[in-house]
Amino acid sequence: MRNNNFYKFLIVFMSTISLCGCWDIKDINKRSIPLVMGISKEDDEEYRLTLQIPIPKSNNQISRIVTEKGESVASVLGKIRTNSENAVDFSQIQLIVIQKNLANNQRELRSLIKFLMGSEEIPSRALVAITDDNVDKVLSNINDKLGVNASAIYDYFNKGVGWAPELLNTPIWEVYRSPFLSTKDIAVPAVRAGKDTVLVFEGSEILRKGKLIDRISPEESQFINMFQNKNVKGKIENLGVATVMITNSSVQNKTSMKNKKPQVLSDLNLKINILERKEGTTNNRIRKELERVTEKRFYDLLKQTQSSHTDIFGFGQQFHHLISYHELKDWRNDYYPNLRVNFEVHANME
Amino acid sequence: MTQRIQIVIVFILIQLSIGYLVYPNLIYALTKTAHWEVVMFQGFLQWILIWIYIKGLNYFPENDVIDIYLKMGRWATIIILTPFVINLIALVAFNIRLHTEVIISVFLPRTPYWSILILLYFISVYTAIKGLGTIFRSSIFIFLIVIPLVLFNIFSSVINFDIHNVTPAWNSPARFLFNIKFFYLLGFSSFLFLGFMASKTKLSFRQLFIACASVTLFFLSVVYIPLFIFGQDTVVTLTNPFLEAMDSVEISWFSFNRQTMFFGLSLVGLVIVANSVMLWMISQVMRKIVTSRRVKSSYWIIAFSVISFVFAFFVPNQSLVEKFFLWSTGAQAYSMIVIPFTIFIYGFLSKRGVIRYEK
């Protein structure tokens with residue numbers, strides 16, 4: 001009996017071996033955890049990778065910038081690992097800033113996104129942004145500003161509902177998905193280093209099958225959020241005669257086919273709150289003005305995207321039940337330029 | 001009654017374990033639109049097979065599959081069950097290796113695979129040696145831990161859904177039936193263990209009906225979550241679509257920022273149950289075929305698990321693992337068709353024979 005107890009004790013004791021857990025564990029204070037990664041390519045030769053690594057001291061307010069060059073992104077990541085003082089853990093990267101000259105090259109961009117998606121360490125939900133500036137400048141800009149937290153660049157994109165309705169969030173997996181979707185294109189936010197703030201939002205770059213097509217303004221990128229039925233609460237609109245804030249928005253689309261041409265009846269319902277007005281302006285006039293401005297903006301953007309065969313609104317997604325799977329493959333070229341959208345805005349007072 | 005619930009639970013867990021990984025890839029390869037048709041059809045076939053199987057087993061109360069075959073004759077048993085055992089060994093090996101690869105890619109990137117392999121083997125062999133009661137009891141624990149995680153994974157992924165990524169369609173159903181991959185698919189519905197456990201409790205099809213329905217629902221979710229998030233054309237380019245779908249989910253207010261962790265943890269629990277049941281089945285077959293007093297059933301489990309460990313250890317890379325896993329499920333599909341039908345026919349004939357004999 002005593003012998004049996006001894007074995008039981010031994011087994012319980014042995015189970016503590018598994019407490020030390022995973023193989024080659026590295027404690028969190030012995031890791032460097034980069035938050036932002038900047039990628040650029042100089043002279044079509046070498047990739048240049050910049051990491052922003054917060055230093056966990058003094059209220060999280062400082063971070064360091066590490067730059068390395070190499071033939072491919074993977075090899076640069078390896079080099080940074082080798083040369084770093086600590087173990088570099090890429091699993092917490094939240095934002096990837098791509099310099100525009102690299103993004104302009106369709107093939108490079110696609111292989112880059114494919115690498116980021118396939119990488120087991122870099123999470124595929126990290127956001128993507130494109131910048132005209134030098135990537136180093138964007139990332140190091142954070143250190144020049146007073147009282148800015150080291151996670152500022154990430155926080156910039158994650159303000160939450162109602163704070164920055166124009167801002168787009170585009171994670172890696174959406175960029176990866178976009179060339180495969182035949183009925184929807186995506187927009188990637190474009191930023192640059194600001195003078196007073198860390199980043200300035202400049203609008204969005206439209207990607208058509210992974211190729212940069214055009215840049216649209218922040219007002220226009222708001223439409224994209226709207227058509228994905230993301231709430232654009234908090235958007236402030238200046239109409240000349242008044243300034244209004246949009247407190248709620250919803251889009252309803254009805255799709256139909258007429259003579260083999262796609263048609264969409266689209267109703268945008270806006271709830272507004274009037275912040276200021278010129279004297280003597282009636283509520284009705286403000287509503288009419290807002291409806292007119294919004295409709296005009298939409299039709300301009302629609303015309304622009306139809307001429308470039310880029311379905312940025314994802315209208316084609318709603319034709320899956322009307323057009324067969326194989327025909328939809330040609331949605332961008334055959335159907336979308338002929339798409340008729342009847343867009344109506346209905347503004348209502350809060 | 002409790003034992004019936006336990007059998008149902010084990011049934012669900014095994015299905016989840018096998019269905020999580022390769023199953024969606026197979027479906028995407030089979031059809032481009034109307035995936036639900038394939039899933040439902042497979043579920044339907046599984047219902048029919050289980051119905052036949054249970055009908056056949058009920059001709060012989062208090063007997064399990066091996067006893068029935070032994071009644072047919074010793075050689076019939078060896079001819080039918082030996083390939084089944086070999087198949088099970090392969091299935092144990094590649095199932096565990098496949099899960100190991102995924103677990104490594106989810107949360108243990110720097111751990112060598114053999115250490116995880118040993119850990120998983122050790123636990124499932126231990127459970128199998130302890131016998132059916134332990135398998136049942138541990139499966140209830142694992143069920144209570146895993147099912148909330150699975151449900152949480154399913155519901156949390158809703159935030160990335162774009163319903164328009166899936167074409168609502170109705171295919172002319174004949175095409176995928178003639179694809180060899182559909183045969184593989186059939187092998188994913190592992191219900192044969194029911195016949196090994198049913199010796200004491202009599203199962204009725206009605207009790208399994210809910211389990212079958214929920215498993216079919218689960219398979220639908222496994223197939224459709226990546227589809228809703230990525231769309232058909234993207235999904236075929238990914239090696240582990242379900243894993244990527246989980247990885248894309250971001251809930252900023254939630255304290256755990258990686259959903260894939262839950263997925264990985266539930267895989268650990270599931271693979272242990274599935275493998276211990278398979279090892280236990282092997283020991284049952286061997287114990288009854290080789291009637292030697294000196295060899296205990298635990299020796300069989302240890303011997304065969306070592307064989308399958310060697311198999312699992314020496315597969316060089318992941319794509320081969322997947323290929324072998326598919327082959328072994330295909331072979332499993334063969335015994336899934338043969339065993340229920342032979343038992344049903346034998347049961348039917350012997351019952352008739354008895355009636356004639358009495359007249």
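Predicted model: local features only at pLDDT ≥ 70, side-chain atom pairs only at ≥ 80, totals over all residues.
Let me begin with Asn225(A), which, once the neighbours within four places in sequence are left aside, is in contact with Pro165(A), Glu166(A), Leu167(A), Leu168(A), Lys230(A) and Val232(A).

Asn225(A) belongs to helix α8 of chain A, which covers residues 218–227. Is Asn225(A) buried or exposed? Its relative accessible area is 4%, and because buried means under 20%, Asn225(A) counts as buried. The helix around this residue is mostly covered as well, since nine of the ten residues in α8(A) are buried. Those buried residues are Pro218(A), Glu220(A), Ser221(A), Gln222(A), Phe223(A), Ile224(A), Asn225(A), Met226(A) and Phe227(A). If you follow the chain just past the end of α8(A), you come to Asn229(A), which takes a positive phi of about 55 degrees.

Thr260(B) sits in helix α14 of chain B, residues 259–289, and with a relative accessible area of 3% it is buried. Not counting residues up to four places away in sequence, Thr260(B) touches Val106(B), Leu243(B), Met246(B) and Asp247(B).

Side chains of opposite charge can pair when their charged atoms come close. How many salt bridges are there over all chains? The count comes to 21, and I will go through a few of them.

Lys288(B) forms a salt bridge with Asp64(B), and the closest N and O atoms of the two are 3.0 Å apart. This pair links distant parts of the chain, with Lys288(B) in helix α14 of chain B and Asp64(B) in the loop between α3 (35–58) and α4 (65–72), 224 residues apart. Both partners are covered: Lys288(B) is buried at a relative accessible area of 18%, and Asp64(B) is buried at 2%.

In chain A, Glu237(A) pairs with Arg297(A) in a salt bridge whose closest N and O atoms lie 2.6 Å apart. Here too the pair links distant parts of the chain, because Glu237(A) lies in strand β11 (residues 235–238) and Arg297(A) in helix α9 (residues 283–307), 60 residues apart. Glu237(A) and Arg297(A) are both buried.

Which salt bridge partners join two chains? The side chains of Lys329(A) and Asp233(B) meet in a salt bridge, at 2.8 Å from N to O. Lys329(A) lies in the loop between α10 (325–328) and α11 (331–335) of chain A, whereas Asp233(B) is in helix α12 (residues 232–235) of chain B, so the pair joins two chains. Lys329(A) is partly exposed at 35% relative accessibility, while Asp233(B), with a relative accessible area of 19%, is buried.

There is also a network of salt bridges in chain A, which links Lys100(A), Asp132(A), Arg192(A), Glu202(A), Glu205(A) and Arg215(A).

A negative surface patch is formed by Asp43(A), Glu45(A), Glu46(A) and Glu71(A). Of these I would point to Glu45(A), which lies in the loop between β2 (36–42) and β3 (46–54) of chain A and counts as exposed at 59% relative accessibility.

Chain B has a nonpolar surface patch of about 750 Å², made by Ile180(B), Phe183(B), Tyr334(B), Ile337(B), Phe341(B), Ile345(B), Phe348(B) and Leu349(B). The elements that give two or more residues to this patch are α9 (180–186) and α16 (318–358) of chain B. Which element gives the largest share? That is α16(B), with six residues. Ile345(B) is one of the residues in helix α16 of chain B, and its relative accessible area of 45% makes it partly exposed.

I will close with another residue of that helix. Ser319(B) also has its place in helix α16 of chain B, and it is exposed, with a relative accessible area of 52%. The C-alpha atom of Ser319(B) is separated by 31 Å from that of Trp47(B), and these two residues are 272 residues apart along the chain.

Conventions. Residues numbered from 1 in each chain as written. Chains lettered and ligands numbered in written order. Heavy atoms only, no water. Helix = DSSP H or I, 4+ residues; strand = E, 2+ residues; numbered from the N terminus. Buried < 20%, exposed > 50% of the residue type's maximum accessible area, 1.4 Å probe, protein only. Contact = heavy atoms within 4.5 Å. Patch = residues over 30% accessible without salt bridge, like charges linked within 9 Å, V, L, I, M, F, W, Y side chains within 5 Å. Areas by Shrake-Rupley, 256 points an atom, 1.4 Å probe, with all protein chains shown as cover. Salt bridge = Lys/Arg side-chain N within 4 Å of Asp/Glu carboxyl O. Lys, Arg positive; Asp, Glu negative; His and termini not counted. Charge placed at Lys NZ, Arg CZ, Asp CG, Glu CD.
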